[in-house]
Amino acid sequence: MVAEADYTDDGGFTIDNPVLRTERLVMRAPCEADIDQLVALADNRHVAEMLARMPHPYGPEEARSFLAMARAPRGGIVYALTLAESGAFIGCAGLNSTDRGLELGYWIGEPHWKRGYATEAAHALVDLAFTRTTIQVLQASTRVINPASRRVIHKCGFQYAGQGMLNSMVAGQVPVERYRLDRKTWASLRSWVRL
């Protein structure tokens with residue numbers, strides 16, 4: 001994995017978009033060829049309600065807008081999640097610059113839920129964040145009604161940091177749980193995995 005990360009003038013991060021390979025996923029930049037699968041999976045109220053910036057309904061115009069944003073991310077990186085075996089698009093994940101710092105985000109299309117893909121992608125992005133940037137803390141948040149996302153966050157070693165409110169395009173103002181993972185904890189977890 002080759003990536004460069006630097007602070008930008010606005011305090012965010014820029015990370016080159018290296019292709020990441022995990023056991024079952026290829027994580028790469030989203031592209032025009034993803035539009036049909038992106039629309040098919042993202043046009044789902046159950047998915048959109050759990051996210052801040054995903055509109056519903058979701059059609060080709062929203063997909064093109066997303067692709068334009070992904071090509072010029074401001075202080076972050078966006079990945080299309082694809083199955084290594086078939087190349088099928090199953091969701092997105094990324095690292096976003098927020099007012100709280102760099103934050104992990106992800107979504108998986110409903111037909112692919114409960115298979116561990118979100119955890120696999122999240123682990124790869126946590127490692128990318130800490131190996132290719134100088135951040136000391138990585139942030140994550142989830143709606144309080146989303147236990148599946150909470151499990152992903154816990155499996156990555158994040159620790160509870162409090163509650164807050166988030167403005168969701170679909171659900172309005174919603175309560176969220178906030179989590180943080182510091183570099184020292186991440187390094188400890190990485191060394192435990194190798195034992």
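Q139 lies in strand β8, which spans residues 137-143. This report uses that residue as its starting point in a predicted model, then turns to the chain as a whole and to several other positions.

## Q139 and R180

Q139 has a relative accessible area of 9%, and because buried means under 20%, the residue counts as buried. Leaving out residues up to four places away in sequence, Q139 touches R100, L102, E103, L104, F158, Y179 and R180.

One of the contacts of Q139 is R180, a residue of strand β10, which covers residues 172-182. R180 has 32% relative accessibility and so counts as partly exposed. When neighbours within four places in sequence are set aside, the contacts of R180 are V137, L138, Q139, F158, Q159 and A161.

## The chain as a whole

The chain contains 6 helices and 10 strands. For 195 residues, a compact globule would have a radius of gyration near 16 Å; the chain has 16 Å, so the value agrees with that expectation. Taken along the principal axes, the box filled by the C-alpha atoms is roughly 40 × 40 × 35 Å.

Of the 195 residues, 49% are buried. The chain exposes about 10,100 Å², and carbon and sulfur atoms supply 52% of this area. Where contacts join residues at least 6 apart in sequence, 60% of them link residues at least 24 apart.

The average pLDDT of the chain is 90, and 90% of the residues score at least 70. Over residues 1-12, however, the pLDDT is below 50; this stretch has 29 contacts in the model beyond near neighbours in sequence.

## Helix α1 and its cover

Helix α1 spans residues 35-42, and its buried residues are I35, L38, V39, L41 and A42. Which elements cover these buried residues of α1? The cover includes the helices α2 (45-48) and α3 (60-71), together with the strands β6 (89-98) and β7 (101-108).

## T22 and E120

T22 is found in the loop between β3 (20-21) and β4 (25-28). Not counting residues up to four places away in sequence, T22 touches M27, E120 and A124. A124 stands 102 residues from T22 along the chain, yet their C-alpha atoms are separated by 7.2 Å.

E120, another of these contacts of T22, has its place in helix α4. Is E120 buried or exposed? With a relative accessible area of 13%, E120 is buried. Its contacts, apart from residues up to four places away in sequence, are T22, E23, R24 and L25.

## Residues in other loops

A88 is found in the loop between β5 (77-83) and β6. With residues up to four places away in sequence left out, A88 touches Q37, L81, T82 and L83. The C-alpha atoms of A88 and L102 are separated by 28 Å, while the two residues are 14 apart along the chain.

Two further loops show particular backbone geometry. In the loop between α2 and α3 lies P57, and the peptide bond leading from H56 to P57 is cis, with omega near 0°. K114 is found in the loop between β7 and α4 (117-132). Although K114 is not a glycine, it has a positive phi of about 65°. K114 has 85% relative accessibility and therefore counts as exposed.

## Pairs of residues compared

The table collects the C-alpha distances given above, each beside the separation along the chain.

| Pair | Separation in sequence | C-alpha distance |
|---|---|---|
| T22 and A124 | 102 residues | 7.2 Å |
| A88 and L102 | 14 residues | 28 Å |

Methods
Residues are numbered from 1 along each chain as its sequence is written. This is a predicted model: local features need pLDDT of at least 70, side-chain atom pairs count only at pLDDT 80 or more; totals for chains, interfaces and linings use all residues. Side-chain values use heavy atoms; hydrogens and water are left out. Helices (H or I, at least four residues) and strands (E, at least two) are DSSP runs, numbered from the N terminus. The radius of gyration is taken over C-alpha atoms; the globule rule is 2.2 Å times the number of residues to the power 0.38. Buried means under 20% relative accessible area, exposed over 50%, partly exposed in between (1.4 Å probe, protein chains only). Contact means heavy atoms within 4.5 Å. Accessible areas come from the Shrake-Rupley method with a 1.4 Å probe; for residues, only the protein chains shown count as cover. pLDDT is the predictor's confidence in each residue, from 0 to 100.
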